[in-house]
Amino acid sequence: MIDSNCINGRFAYECQYKQQKCLFHIYFKFKHPKQILMNKLIDIKKYEQQAVSLAVKLINDGSVVALPTDTVYGLATDAQNPSAIGKLYNIKGRNLQKPIAICTHHVNDIGNWGKIGHLPFGLLDALLPGPVTVVLQRTPSLNIALNPEESNIAIRVPNSGFVCNIVSDLKKPIALTSANESNKPSTLKPIEFLILWPKLDAIFDGGTIGSSLESRQGSTIIDLTINNHYRVIRTGSALLNTIQKLHKFGLKEL
């Protein structure tokens, strides 16, 4: 657990870094979850494959973890686990009426969770993977407890080998939302969501993702539920490029 003397400020962040070197020695020697997570901050640049395996185990167990995506840091858990979804909402302090997106590992998997039969062939491959979220009508395969009042689902395939490897090994989608308190700015490095650390089961540290205001805008969200049309829900960080691709496939803005 995080030392209570290191809760505030950069000192807490530095304390975590000093301790993290022993984490994976503990993991391979004892392979006991409580011993592994004596330290929550895990440097994925040094231990990426081991970090993927640990993230898979934690998410399968219903834990909530923080991880870097191709846009901002996110909070992730098992999208098919109702209890884990409730925990995610509680940690973020998110209104239960606000839906949460899911993330899958490959464009070919999108059709398992959202209806894609009306989309032009090749459109999703042109948009993803990357900083784009597509909104589609949900399929019955998706956990009914996730956004129960919504007929649609927002789906991401990030341009992140780390995240996609986790989801691929899980063989099911993760629920993914930005790593910040609700209605607070998105984050580009772990220290920016330090307040959430005590509530999380692990923080996978990939360093600083970006440095500009645009970096914090997150993914561009596009509603593709209506045949031959699109609607921009959030401009995000890839709007111009996304619209150019949509127009190339003949879609018109609503």
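A quick definition to start: Ala, Val, Leu, Ile, Met, Phe, Trp, Tyr, Cys and Pro count as nonpolar, Asp, Glu, Lys and Arg as charged, and the others, Gly among them, as polar. Keep in mind that this is a predicted model.

**The second largest pocket**
- This pocket holds about 190 Å³ of space.
- Its lining includes Val107, Asn108, Phe121 and Asp125.
- By type, the lining residues are seven nonpolar, two polar and one charged.

**The largest pocket**
- Here the space comes to about 720 Å³.
- The lining has 35 residues, and Arg94, Ala101, Thr177, Ile221 and Arg234 lie nearest the centre.
- Two or more lining residues come from each of β3, β5, β6, β7 and β10, with β6 giving the largest share, four residues.
- The lining divides into 11 nonpolar, 15 polar and nine charged residues.

**Salt bridges**
- Side chains of opposite charge can pair when their charged atoms come close.
- The structure has seven salt bridges.
- One of them joins Asp78 and Lys172 at 2.8 Å, N to O; Asp78 sits in strand β3 and Lys172 in the loop between α7 and β7, 94 residues apart.
- Asp78 is buried at 4% relative accessibility, whereas Lys172 is partly exposed at 21%.
- Arg216 and Glu192 also form a salt bridge, at 2.8 Å, N to O.
- Arg216 lies between β8 and β9 and Glu192 between β7 and β8, so this pair ties together parts that are 24 residues apart in sequence.
- Asp223 and Arg231 pair at 3.2 Å, N to O; Asp223 is buried, while Arg231 is partly exposed.

Definitions and conventions:
Residues numbered from 1 in each chain as written. Predicted model: local features only at pLDDT ≥ 70, side-chain atom pairs only at ≥ 80, totals over all residues. Heavy atoms only, no water. 1 Å grid on protein atoms, 1.4 Å probe; cavity = no way out; pocket = protein on both sides within 12 Å on 5 of 7 lines; lining within 4 Å. Points joined across faces, edges and corners; volume = space filled by probe spheres on them. Salt bridge = Lys/Arg side-chain N within 4 Å of Asp/Glu carboxyl O. Buried < 20%, exposed > 50% of the residue type's maximum accessible area, 1.4 Å probe, protein only.
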